[in-house]
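Try each task yourself before you read its solution.

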Number of protein chains: 2
Amino acid sequence: MLRTTIKDVCDKAGVSVGTVSNVVNAPHLVADETRRKVLRAIEDLHYRPSRAARSLQAQRTHLIGYRLPDPVDASSALDVFLHRLVGSAAGHGLDLVLFAPRPGQSDLDAYREVIRGAGVDGFVLSETNYDDPRVGMLIELAFPFVAFGRANSPSPFPWVDVDGATGVASVVAHLVALGHQSIGLVGWPEGSESGDARAAGFIRSMEAAGLGLDRSLIVRTENSMAHGRMAGRVLLDRHDPPSAIVTVQDELAFGVMTAVAEAGLTVGKEVAVAGFDDTPPASVVWPGLTSVRQPFDAIGRTLVDLLVARLEDPARPPQTVLLEPELITRASTTGSRR
Amino acid sequence: MLRTTIKDVCDKAGVSVGTVSNVVNAPHLVADETRRKVLRAIEDLHYRPSRAARSLQAQRTHLIGYRLPDPVDASSALDVFLHRLVGSAAGHGLDLVLFAPRPGQSDLDAYREVIRGAGVDGFVLSETNYDDPRVGMLIELAFPFVAFGRANSPSPFPWVDVDGATGVASVVAHLVALGHQSIGLVGWPEGSESGDARAAGFIRSMEAAGLGLDRSLIVRTENSMAHGRMAGRVLLDRHDPPSAIVTVQDELAFGVMTAVAEAGLTVGKEVAVAGFDDTPPASVVWPGLTSVRQPFDAIGRTLVDLLVARLEDPARPPQTVLLEPELITRASTTGSRR
DNA sequence: TTGTAGGCGTTATCAA
DNA sequence: TTGATAACGCCTACAA
């Protein structure tokens, strides 16, 4: 693996380093004749500038850091997100560096380590939350980043988020249109940005539909299939069980579906169930799960755009973008009712 | 974001650059007293060597490249793989760089571009196949890599793989132990390394169990739920349908499960179904899908170990490691039979 | 045990 | 329009 350097190209083309560099980075400064000659040498030698040298000189690595969420937390939706992010970054000549805290290392320290090593030009954060410590730290260090998700920071920062409230509201509207009057919600414990937003969407849309709000139809629990199943059981065991159950995440919905089956009822017929995130299993289970899909394509593209803008002009006030999710209806709600 | 350089540390500690460098890279060469002084300055200044400068001088980036498979191809199993890979790499002070071909760019060119830019020290390949062009190219360029998956290359190269044949054989053994005598297989078209291995495991174990081999019980089709469903229908429509259907991938199994339900039969009771990869939906569907889980923890660790060994001594003959998968039994096979 | 100088491959700044 | 030269931050001889 011998490296062809810019020198090799000069030798071959019979010009100076500066000229070769110009051919690569500012072709218009070079005479046609010379340019052709150099381009040829570059081609013949398979020359490509060294990223390390470029980074050193430009003080820019063209790398953006992304802390890969732990598998436990990772709803598989984030994997789609990752694909889109890589694609968008590539469009700007940026690559994504994945990192994770070493065993025993704190999350924040992992970020710090990457920063100090000047390994990346900026970060993409995901799964931000209230009082997210990363946001505070990065703002303080004036280190470039964009977040997928909002947070309550005193200083503004650039983020892209999906309107979870509207997403859940669209589920409720869909159910109301189908004739449902009594709708339950399985949400997360209060205190998470996205969970609260989704729950708020539920409350808002129930009131908007004139169905009033029965707080006892709202169950809050951890995000797992097992918890969803228990929550579903709680709702179904009522003397007046709801005819539809909305959840703030697919995982919970799968649990609810199990509870429905265990109660001897049929999902999509006697009880409608809906999730959020449109994870891969949603289309595989039977009946298919109605869910809310986040526009990961636009999310990835926007995140990278905002980061690039930030990198180019750190002084510019941070932009924020709120995107709308899409309702994917499947048999878990559209199966005919009793 | 001002960068603290090695110079800043010298100034603060009152020593020379060489000494600071030694404190970082060869502490034993430095007197205790001096070392403490320097370490302190490093701490105070939050100094961390610049990756770019280090890379330039060492001709090593401490980055390893991984081409993120396109979402279409990506069985969600690969996402678990990615997590393990990042973790293992971090243990060796390496980070993972994700890349993908730009629109219109060929897969191979994407690799070439990363190579020429000296962006990474080596690659981890996944989803290798017969005559994998990447393997040939990297061997020819003498560029370090390890593969997750085998390939038929004239020259040896380092790989880690999971014994798919044994995995499927363990499924068959499990079914035979449950009393099944007539077992069908839904496989992929011939010509993929992993698909052929899995099918071979089926054939081998059927013969080993003394059940002979009815080739008409083997259906080969593309990897999708829809194709699995059609294949399942073919098998179930026979005048002597099998009592169990083994598939080479979960996706196919989900399709088969649908076909079973559509035939008015119950998965796990009248017909046993099994998959491969233990993807997330496998534990969510009802009944749960018996599947074969790959040991991603060991896979990730071994891949990085092999790559690091290769980086340190490119001359050493390439190692290969074959790991055993684990059978995860769920209700799709263990539900009581008729 | 510590300091000094040269070079890693680029790009930017001048002069020519 | 082109060529020479000085950074960029680090490591590794080698000299002191």
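Predicted model: local features only at pLDDT ≥ 70, side-chain atom pairs only at ≥ 80, totals over all residues.

**Exercise 1. Work out how chain B is related to chain A**.

Step 1: Start with the general idea. Two copies of a chain are related by a rotation about an axis and a shift along it.

Step 2: Check the contact surface. Both copies use the same surface, as 100% of the contact residues of chain B recur in chain A.

**Exercise 2. Describe the side of chain B that touches chain A**.

Step 1: Count the residues. Chain B gives 45 residues to the contact, and chain A gives 45 residues.

Step 2: Look for the elements involved. On chain B, H4, helix H5 (77–91), strand E2 (95–99) and helix H11 (250–262) each supply at least two residues. H5(B) has the largest share, with seven residues.

Step 3: Sort this side of chain B by class. You get 27 nonpolar, eleven polar and seven charged residues.

**Exercise 3. Trace the sheet of twelve strands and find its edges**.

Step 1: Begin where the chains meet. Strand E2 (residues 95–99) of chain A pairs with E2(B) in the antiparallel sense, over three bridges. Here A:Leu98 stands opposite B:Leu96.

Step 2: Write down the whole order. It reads E11(A)-E5(A)-E4(A)-E3(A)-E1(A)-E2(A)-E2(B)-E1(B)-E3(B)-E4(B)-E5(B)-E11(B), an open sheet with mixed pairing.

Step 3: Go to the ends. Strand E11 (320–323) of chain A and strand E11 (320–323) of chain B each have a single partner strand, so one side of each has no neighbour in the sheet.

Step 4: Zoom in on one pair. Strand E5 (residues 159–162) of chain A runs parallel to E11(A), and four bridges join them. A:Asp161 has A:Leu322 in E11(A) as its bridge partner.

**Exercise 4. Decide how H1(A) and H2(A) are placed relative to each other**.

Step 1: Read off the geometry. Helix H1 (residues 6–13) of chain A packs against H2(A) at an angle of about 105°, and their axes are 9 Å apart.

Step 2: Compare the angle with the cut-off. Angles of 65 to 115 degrees count as roughly perpendicular, and H1(A) and H2(A) are therefore roughly perpendicular to each other.

Step 3: List who meets whom. A:Ile6, A:Lys7, A:Val9, A:Cys10 and A:Ala13 in H1(A) meet A:Val17, A:Val20 and A:Ser21 in H2(A).

Step 4: Sort this contact by class. It has six nonpolar, one polar and one charged residues.

**Exercise 5. Describe the protein surroundings of DNA strand C and DNA strand D**.

Step 1: Take DNA strand C. It has 26 residues around it, and the closest are A:Ile6, A:Ala53, B:Gly18, B:Ala31 and B:Thr34.

Step 2: Take DNA strand D. Of the 26 residues around DNA strand D, A:Ser16, A:Gly18, A:Thr34, B:Ile6 and B:Ala53 come nearest.

Step 3: Sort by class. The surface near DNA strand C has 13 nonpolar, eleven polar and two charged residues. The surface near DNA strand D divides into 13 nonpolar, eleven polar and two charged.

Methods: Residues numbered from 1 in each chain as written. Chains lettered and ligands numbered in written order. Near = placed C-beta within 6 Å. Nonpolar A, V, L, I, M, F, W, Y, C, P; charged D, E, K, R; others polar. Least-squares fit on C-alpha atoms with pLDDT ≥ 70 in both. Contact = placed C-beta atoms within 7 Å. Pairing = 2+ DSSP bridges. Axes fitted to C-alpha atoms, helices over the stretch in contact; angles between N-to-C directions. Parallel < 35°, antiparallel > 145°, perpendicular 65-115°, else oblique.
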